[in-house]
Every structure is written in C-alpha cells, then in structure tokens.
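Hi,

Here is the structure I promised to pass on. Have a look at it first, and then read on for what turned up when I went through it.

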Amino acid sequence: MNNQSFPHNFLWGAALSNVQAEGAIQEDGKGLSVYDTLIAHQEIKNSTQSNSDVASDHYHHYKEDIDLMAEMGFKAYRFSVIWSRIHPHGDDEEPNEKGLAYYEAMIDYLLSKNIQPVVSLVHFDMPDYLFKTYNGFYSREVVDLYAKHVAVVANRFKHKVKYWITYNEINTFPHLTRLITGSIQPENISTQAYHAVLTHHTQLAHAKALLAIKAINPQAQVSGMINYGVIYPYSSQAKDVYAAYVMNEFSNLLSFDVMVFGNYPKYYQSYLKNLGISVDIHNEDMEIIKLASSKLDFLSLSYYQTAITKGNDLEDGLEEIDDILNIKNMRHKNPHLDTNEWGWHIDPKGLRLTLNTLYRRYNKPIFIVENGIGIDEELNQDLTIEDDARISYYQGHIKNIKDAISQDGVEVMGYLAWAPIDFLSSHKEMRKRYGFVYINRKDDGTGDLKRYRKKSFYWYKKVIATNGEDLSN
Ligand code: BG6
C-alpha cells in the first residue's frame, strides 16, 4: 500500500522569537519590550538569568544566521517583528522607519535564499510603555493600538510575506501573563474575572489583526496560534478522566473554538455565568470575531510537552470545575515518559494525538510552528556538539507527524523546529539551548558570539533534503 507522507511542498524550517535573540534592545530607535524589562519581575525566578541586551546578537548576525538556515535547506523561517522596534512606545503616531527597514532587509534576504518568511506578531514584545501606561491587553485601547501596528507592518510587507501568525501562544497567558499580555492583575478583581477580560481582549486583538492583514492583502494566509500540551488523566478513574477532558477544553481548545467558530463556546459561557462574571463585550465585537473566523486560513501551534491532571471529589459543581482548572493539579510526573533537564515530559506520540484532535474538531490545515528541546550544552574541545538527544527528540516527533499525515489523513502544511540558533529562553536562560547552531554566549555574559554547527544541523539538513523520508541518525 502506498502511504502518502510529507507533501512535496511541505514547509520545513525553524522558528525564533526575536526578543529572545536579537539583542540591540535600544538600537536604531527601538523601545523596550516587556521581555526586556521582565528581569526584575517575580515571574522570572531563575537566578542564572542573563539579559536580552545582547542575547544571540541576531540583530547584527541575521545574514550569517540566515545563511546557515539556507545551508540546512529551509523552505520557511518564522520570526517575530518586535512591536517595540516598530512602535517604540506603542501609541506613537508614526512608526520607526529604521525598525521597518530592518525587517524588510531580513525578509528580502530570506526571499533571496528561497526561504518563505512566516511572520509572528506579538511574541513577548509588547512595548513596555503600553504595559506601564495602559496595563497592556487588559485595556481595550491597546487592542486598537495593536491593530494599528499590525496594519502598518502588513502594509509594508504586503508584497513579500504570505504567512502570518497573529499572536504567539494566545492560550498560555494564565502562566506568564505579563510576558504574554503585557498586563498584571488589578487588585480589585478576581483572577477568573481578569482572565475573562484578557481572553476577550486577546481574541479581539487576533480578530482585528487578521482582518487588517486580509484587508491589505486578501491572498495572505493568516492563522491563530496556540500552545498545545495534551493533558492526560492521572488514572483511569472517571473523575481524573473528566478533569483531563475539562482542562483540555479550557486550556488547549478554547482559543481555537473562538477563532474557528466565531463565538464563545457554551461550556465557557456557562462557566463565566456561574461565576457571576460578565465581560464588557461591545456590540460589534462578536461581529468582528465572527467575520475573522470566516477568513481564518490555517491553525498553527507549538508543541513541547504533555501533562497529567487529577480530578477531585468536590460536591459543588462550580468548585469542582474551578479546582480542575487550577494548574497545581497538573504538577505530576508521568511515569511512562522521560523528561528533559527542566522536567518537561518528552512525548512524541502526544503530537500525533494533538494533530488528530485539532484536525477532526476544526478541519483546517495545521502548521506546526514550534517544537524542540532545551538542553544545557557546552562546546567540546574540538568545537563540536554531539546533540544526539535533540536528534532523538526530533526523530520521534517527526515520525509521529508522518503517521498523522499518512495513517490518519491529517493535513499538515509544515514543520518549524524550535530553533535554528541558540537564544535566550522565555526565562532568559542562555544555557537552555534549542538551536541547530550553537552560539558562544553564556549566562554570565561571556563568549564571542561565534556560531558552530551542532550534529543536529547536519541531521536536519538530511531530513529536509529527503522530505522527511530519512530520519536516521
Ligand atoms: C514557547 C514560546 O512557549 O516556548 C517560546 O513561544 C519559548 O518563545 C518556547 O522559548 C520554549 O520555552 P522556554 O521557556 O524553554 O524558552
């Protein structure tokens, strides 16, 4: 039997978030982003953190880095246009031309190498000024400032960029809220009410961004993006299975439910109603969200790990749901899976399950735009890195994508590994390395920023050259 595996036009490549790689945080008119200023915030607890002023110095090395991507045979590269490089304060009347010119040069360089740019908007990069002055996406004004920013970016790159991602991991704000929404919880409201406001404002931001891009270029391909982490039941007891089901709906699927169906699902409406929470939804908001849903082209996701959760014996329905949604219940080790050095479960099969869940529920093409493993690595004496653990991680995940396509009929457009080069993690750790290319820069700020190809570099090059047929190490 002839099983179709990766389509001939499959978009192989990798992805990066520019606040985590560029450095040059105050160069050429750039304003500070929430990522740049997060270092003193309580959300960042790690003592080995370094800061973003240099990072991988991708700002000055982008051509060298893109050359390395071209050498691996990339068909696509996802990067983020840093909001505060274009609108340094966020509410500026005019954009920063130097910022636009920088990304335009990067896009031109990618196109000259036959690499399709995939542009992300909002990836930990809200102007810090908007956070301090408006409390970020907690404020409706910021939704409109964002839509204006997106229109400027989309207009500038309309003839050059086909693929757009409106908002990185829109569903993950309950974890790193300031980073993801540029806001903090006001004192006078409950966490649930705060999250309800953020849910609506970020959905509206996605919808307005999508419509802005489509109005400028109807041919553009636009997606929403989530992080998907399958949640398994702690045991086969019905209460655990139910808890996992509810958690999957709320934390993994709610965002796409709204983006694809253009409405808030009944399970979510009912939850808010029972809590007595009503969000200020303007008349036109749901029309905007509905219209955007009719124009959504594909779904994109990051996939790193899975989790398990426990149910409870609470009699009160509302308490029961609220307890299920408390992430403390997910902090259990899965005895069937290995973890990386940061305790993240490694679960390639979970990716096949994810792809099936999304495709069967939404029937839209899927683009995997982040998947990879953080490893604490050091250069060998002979300047090599034998990252077999990374190769093994990718082998498992790519094999499961192949199975999802060939066995289950899922439509997958492409696969972008995380990441082409080393950079700072979301917690600003340089030692948590994800790249196919090692960057000589340490958490203490030492290192000459030279680039070194890891073993996985050559392995991924072969994978792309064989269109995913040869995964051997
Ligand atoms: C995703 C983010 O959540 O996970 C990336 O989109 C991030 O920006 C990646 O780097 C890996 O997480 P971490 O914490 O290891 O950097």
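**What I found**

Let me start with an open site: the second largest pocket is lined by 14 residues, and those nearest its centre are Y228, I231, A244, Y245 and N248. Please keep in mind throughout that this is a predicted model. The volume of this pocket comes to about 220 Å³. Helix α9 (238–261) gives the largest share of the lining, six residues. At least two lining residues each come from β6 (231–233), α9 and α13 (348–362). Sorted by class, the lining holds 10 nonpolar, two polar and two charged residues.

How many cavities of 30 Å³ or more does a search of the whole structure find? It finds one, and the volume of this largest cavity is about 30 Å³. Its lining is made up of Y304, N340, W344, H345, I346, G372, I373 and Y393. Five of these lining residues are nonpolar, three are polar and none is charged.

One of the lining residues, G372, sits in the loop between β9 (366–370) and α14 (388–406). G372 is buried, with 3% relative accessible area. Beyond its neighbours within four places in sequence, G372 makes contact with Y303, Y304, Y393, Y394, W418 and Y434.

Is strand β1 (residues 11–15) enclosed or open? All five of its five residues are buried, so β1 is largely enclosed by the rest of the structure. That holds for both faces: L11, G13 and A15 are buried on one side, and W12 and A14 are buried on the other.

β1 has parallel partners in two strands that I looked at. With β10 (residues 412–417), β1 pairs over four bridges in the parallel sense, and here G13 is opposite L416. With β2, the pairing is again parallel, over three bridges, and the bridge partner of G13 in β2 is A76.

**Helix α4**

Helix α4 covers residues 97–112, which is 16 residues, and runs 22 Å from first C-alpha to last, close to the expected 22 Å. Its buried residues are G99, L100, Y102, Y103, E104, M106, I107, Y109 and L110. These buried residues pack against several elements, α2 (58–72), β2 (76–80), α3 (83–86), β3 (116–120) and α6 (140–156). Just after α4 comes N114, with a positive phi of about 60 degrees.

**Some backbone details**

Most residues other than glycine have a negative phi, and most peptide bonds are trans. With that in mind, here are some places to check.

- A55 has a positive phi, near 50 degrees. A55 lies in the loop between α1 (34–37) and α2, and A55 is buried at 1% relative accessible area.
- D57 also has a positive phi, near 50 degrees. D57 is in the loop between α1 and α2 and counts as buried at 12% relative accessibility.
- W418 and A419 are joined by a cis peptide bond, with omega about 20 degrees. A419 belongs to the loop between β10 and β11 (437–439).

**One more loop residue**

Which residues does F124 contact, leaving aside its neighbours within four places in sequence? They are V19, Q20, S33, V34, Y35, N168, L179, I180 and S426. F124 is in the loop between β3 and α5 (128–134), and at 7% relative accessibility F124 counts as buried. F124 and L38 are 86 residues apart in sequence, and their C-alpha atoms are 10.0 Å apart in space.

Happy to talk any of this through.

Best wishes

Conventions:
Residues numbered from 1 in each chain as written. Predicted model: local features only at pLDDT ≥ 70, side-chain atom pairs only at ≥ 80, totals over all residues. Heavy atoms only, no water. Expected span 1.5 Å × (residues − 1). Buried < 20%, exposed > 50% of the residue type's maximum accessible area, 1.4 Å probe, protein only. Contact = heavy atoms within 4.5 Å. 1 Å grid on protein atoms, 1.4 Å probe; cavity = no way out; pocket = protein on both sides within 12 Å on 5 of 7 lines; lining within 4 Å. Points joined across faces, edges and corners; volume = space filled by probe spheres on them. Nonpolar A, V, L, I, M, F, W, Y, C, P; charged D, E, K, R; others polar. Pairing = 2+ DSSP bridges.
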